[in-house]
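Please look through the sequence and the model shown here before reading on.

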Amino acid sequence: MLKVKWLLIACGLQFALIGTMFINAYLPIYFGTEVKVIAKGYDPRDLLAGNFVWLDYGVSMYAEIPFNAEVFVCLEKADKRNFIFKEILTKPPKNQLYIKTKAPKSEFSSLSLGGIEKYFTTKDKAQEMQSLLAKPNNQAIVTLKIFRGKARIVDLKVESHQ
């Protein structure tokens, strides 16, 4: 009887852990601040990762930040409807939107923004976005929700930029 009790507790803890991870992943979508940022993108056609559009937000590291350190990528309002990535700090900013992430592990790695570099979609939609983004005057407008340093992509549209 005691083994059955511990087995039920172990199963219950696993479901609780999965539920906690699910809730944590959706917190930015429900409680986050909505921002729109401009990105460049392409469809890398990765058979193992699935169908997605790879997004480049133009964020680059500078030399003073140690490798693999926790960093905070700050956003600033660029115009009436769009934000831009402004600076990278080693401490969380006060009264400013930011995305919490890790600095690259080496000088050959790029900065990850917590998973918002990939926009997963269907194969046809990814190919359509790639062809639209290949045109010189088009850009991706990415709608993000940010909550306590975590960001999630809510929407992606391709617009002509004149």
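Is Arg148 buried or exposed? Arg148 is exposed, with a relative accessible area of 68%, where buried means under 20% relative accessible area, exposed over 50%, and partly exposed in between, computed with a 1.4 Å probe and with protein chains only. This is a predicted model, in which local features need pLDDT of at least 70 and side-chain atom pairs count only at pLDDT 80 or more, while totals for chains, interfaces and linings use all residues. Residues are numbered from 1 along each chain as its sequence is written, and side-chain values use heavy atoms, with hydrogens and water left out.

The protein has 2 helices and 8 strands, and along the sequence these follow the pattern α-β-β-β-β-β-β-α-β-β. Helices (H or I, at least four residues) and strands (E, at least two) are DSSP runs, numbered from the N terminus. The C-alpha trace spans about 70 × 40 × 35 Å along its principal axes, and of the 162 residues in the protein, 31% are buried. Among the contacts with a separation of 6 or more, 61% are between residues 24 or more positions apart, a contact being heavy atoms within 4.5 Å.

Arg148 can now be put in its setting, which is the loop between strand 7 and strand 8. Strand 7 (residues 138–147) and strand 8 run antiparallel and are joined by 10 bridges; two strands are said to pair if DSSP finds at least two bridges between them. The two strands form a hairpin with 2 residues between them, and within this pairing Leu144 stands opposite Ile153 in strand 8. In the turn, Arg148 has a positive phi of about 50 degrees. Most residues other than glycine have a negative phi. Asn95 is another residue with a positive phi, about 55 degrees, although it is not a glycine. Asn95 is found in the loop between strand 4 and strand 5, and with a relative accessible area of 84% Asn95 is exposed.

Charged side chains give another kind of link. A salt bridge is a side-chain nitrogen of Lys or Arg within 4 Å of a carboxyl oxygen of Asp or Glu, and by this rule the count comes to 3 salt bridges. In one of them the side chains of Glu70 and Lys100 meet at 3.4 Å, N to O. Because Glu70 lies in strand 3 (residues 70–77) and Lys100 in strand 5 (residues 98–102), this pair ties together parts that are 30 residues apart in sequence. Both ends are partly exposed, Glu70 at 38% relative accessibility and Lys100 at 43%. In another, Arg81 and Glu159 meet at 2.6 Å, N to O; Arg81 is in the loop between strand 3 and strand 4 (83–89) and Glu159 in strand 8 (residues 150–160), 78 residues apart. There too the ends are partly exposed, Arg81 at 43% and Glu159 at 27%. The side chains of Lys157 and Asp155 also meet in a salt bridge, at 2.6 Å, N to O.

The accessible surface of the protein comes to about 11200 Å², of which 59% belongs to carbon and sulfur atoms; accessible areas come from the Shrake-Rupley method with a 1.4 Å probe, and for residues only the protein chains shown count as cover. A nonpolar surface patch of about 620 Å² is made by Phe22, Ile23, Tyr26, Tyr30 and Phe31. Patches are made of residues with over 30% relative accessible area and no salt bridge, like charges being joined within 9 Å and nonpolar side chains (Val, Leu, Ile, Met, Phe, Trp, Tyr) within 5 Å.
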